[in-house]
Amino acid sequence: MEDKKTIIVTGGAGFIGSNFVYYMLKKYPFYRIVCLDALTYAGNLSTLKKAIKDHPDNFRFVKGDIRDAELVESLFVEEKPDIVVNFAAESHVDRSILDPQAFLQTNIMGPQVLMDACKKHNVERYHQVSTDEVYGDLPLDRPDLFFTENTNLHASSPYSASKASADLVVMAYHRTYGLPVSISRCSNNYGPYHFPEKLIPLMIINALNDKPLPVYGDGLNVRDWLYVEDHCKAIDMIIHGDCNGEVFNVGGHNEMANIDIVKLILKELGKPESLITFVEDRKGHDRRYAIDPSKIKRELGWEPETKFENGIVKTIQWYLDHKDWWEEIISGEYKNYYDKMYGEKK
Ligand code: NAD
Ligand code: DAU
C-alpha cells in the first residue's frame with residue numbers, strides 16, 4: 001500500500017517552490033500537495049496554472065502569509081499535514097540591501113509561526129530551505145576551501161543574516177521542544193520559472209532585448225550553480241530520509257565566475273559581448289561560494305543529474321519558449337524596481 005502524505009509547501013508560487021511542487025506531483029501522484037503563498041512580487045499564480053488544472057484532487061493553492069498565525073492554524077486543522085517544506089522567503093540580496101525590513105520579518109518570523117503550528121499539530125517534519133549564503137564567502141585565491149555543514153555562520157547581507165537567523169531558530173525549536181526538523185543549504189539554483197531579477201534570467205532577457213547586461217564590479221565573483229530539479233531531488237530525499245535534526249549542504253561543484261556565465265549566455269544567443277556593461281559593485285558583495293556536498297552524497301546517495309552545459313541550454317530554451325511568462329512580469333511592478341536599481345548604478 002502506498003504511504004499517502006500531505007505536504008504543505010510554502011512559497012510554492014516562486015522559483016524553486018514551484019519546481020518542487022511539479023517534481024512532487026509527478027513523483028508522488030498519490031500525495032496531497034498544498035501550496036501556501038502570499039503572492040508577493042516574486043510569486044506568480046500563472047506558474048502553478050498547470051498544477052491547478054491537472055491535479056484538481058491532490059493539489060490546492062492557498063493565498064496567504066506564513067506570518068499569519070490564524071490562517072496557518074486553520075490550514076493545519078483542515079489539511080493535517082505530515083510534512084511542511086518552507087520555501088517562502090524574501091530571496092533577493094539586492095532588494096534586502098535597498099530595504100531589509102521585509103526580509104527580517106518574513107524570513108525569521110515566518111518560520112517561527114510555521115514551527116509553532118508544526119509543534120501543536122505533531123507534524124512529522126518541518127523542513128527549512130536555507131542557503132549557502134549563511135556561511136558568508138570564501139576568498140578567490142583559496143580554491144581548496146569549501147563550505148561544510150560545520151563552517152561557522154557568517155552572513156554578509158540583510159538577506160543572508162535573516163536566513164542564518166532562521167536556521168538558528170529552527171535548531172533551537174529542535175533542541176528545546178524536540179520538534180522534528182531538517183535544513184538544506186543549497187548553492188545558486190537556475191532553471192525554469194527563475195524570477196527575471198536574478199543573474200541568469202536577467203542576462204538572458206536583456207540579451208534577447210538587446211539591452212545592456214549589467215555586471216557588478218569586476219565580474220569575477222564566483223557562484224556554485226545547480227539545476228533546480230537537482231535541488232528538488234535533494235529536498236525530497238531529506239524529507240523522506242532518517243534526517244531529523246540534520247543539516248545538509250547541497251551543491252554540484254560547479255563554480256563559475258559571473259562574467260563567464262554572461263559570456264556563455266551571449267554566445268548561446270548569438271549576441272555581441274559589447275552588450276556587457278560593468279556597473280558599480282553590490283555593497284558587501286560575497287566573493288565566492290563553494291559547497292562541499294559530501295555529507296548528502298555519503299548519507300543519502302544524492303548526486304546531481306544535470307550538468308551545467310546541458311542545464312544552461314535547457315534554461316535558455318525555456319526562456320525562449322515562455323516569453324509570455326516573463327514579459328508579463330517585466331511589464332509590471334518589476335519595471336519600477338529595475339529602474340530604481342540599475343538607474344542608480346553607473
Ligand atoms: P522566490 O523569491 O522566487 O520565491 C519566494 C516565494 O515566497 C514567492 O512565491 C513569494 O510570493 C513567497 N513569499 C514571500 N514572502 C511570503 C510570505 N510572507 N508568506 C508566504 N509566501 C511568501 O525565491 P526562490 O529563489 O524560489 O527561493 C526559495 C527559497 O530557497 C528561499 O527560502 C531561498 O532563501 C532559498 N534558496 C534560494 C536559492 C536560489 O538560488 N534561488 C538557493 C538556495 C536557497
Ligand atoms: O547562493 C544561494 C543564493 O543565490 C540564494 O540564497 C538567493 O536567494 C539567490 O537570490 C542567489 O543569490 P545571489 O546574490 O548569488 O544571486 P543573484 O542572481 O542576485 O546574483 C548572482 C551573482 O551575479 C552575484 O555575484 C551578483 C551578480 N549580479 C547579479 C545581478 C542581478 C550581477 O553581476 N549583475 C546583476 O544584475
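Predicted model: local features only at pLDDT ≥ 70, side-chain atom pairs only at ≥ 80, totals over all residues.
Apart from neighbours within four places in sequence, Ile-265 is in contact with Ile-200, Met-203, Ile-204 and Ile-316.

Next I looked at the core. I took a nonpolar core as a set of buried Ala, Val, Leu, Ile, Met, Phe, Trp, Tyr and Cys residues joined through side-chain atoms within 4.5 Å, with buried meaning under 20% relative accessible area (1.4 Å probe, protein chains only). The largest one has 39 residues, and Ile-200 and Ile-265 touch the most other members. Among the elements that each supply at least two residues of this core are H7, E8, helix H9 (258–269) and helix H11 (308–321); helices here are DSSP runs of H or I with at least four residues, strands are E runs of at least two, and both are numbered from the N terminus. A second, separate core of 25 residues includes Ile-7, Val-21, Cys-35 and Val-228.

I then checked Asn-188. Its place is in the loop between strand E6 (181–186) and strand E7 (189–190). Asn-188 counts as buried because its relative accessibility is 19%. Leaving out residues up to four places away in sequence, Asn-188 touches Asp-132, Arg-223, Asp-224, Trp-225, Leu-226 and Tyr-289.

I moved to ligand 2. Of the 25 residues around ligand 2 (a heavy atom within 4 Å), Asp-132, Tyr-159, Arg-282, His-285 and Tyr-342 come nearest. I listed polar contacts, pairs of N or O atoms within 3.5 Å. Oxygen atoms of ligand 2 lie 2.6 Å from a side-chain N or O atom of Tyr-159 and 2.6 Å from a polar side-chain atom of Arg-282. A nitrogen atom of ligand 2 is 2.8 Å from a polar backbone atom of Pro-214. On its own, ligand 2 has 690 Å² of accessible area (Shrake-Rupley, 1.4 Å probe), and the protein covers 95% of this area.

Of the 30 residues around ligand 1, Ile-16, Asp-37, Ser-91, Tyr-159 and Lys-163 come nearest. I found the side chain of Tyr-159 here too, with an N or O atom 2.6 Å from an oxygen atom of ligand 1. A backbone N or O atom of Ala-38 is 3.1 Å from a nitrogen atom of ligand 1. The protein buries 96% of the 840 Å² that ligand 1 exposes when taken alone. Strand E5 gives the most to this shell, with three residues.

Notes on conventions. Residues are numbered from 1 along each chain as its sequence is written, and chains are lettered from A and ligands numbered from 1 in the order in which they are written. Local features need pLDDT of at least 70, side-chain atom pairs count only at pLDDT 80 or more, totals for chains, interfaces and linings use all residues, and side-chain values use heavy atoms, with hydrogens and water left out.

Technical notes. Polar contact = N/O pair within 3.5 Å; in protein donor to acceptor, adjacent residues only side chain to side chain. Buried < 20%, exposed > 50% of the residue type's maximum accessible area, 1.4 Å probe, protein only. Contact = heavy atoms within 4.5 Å.
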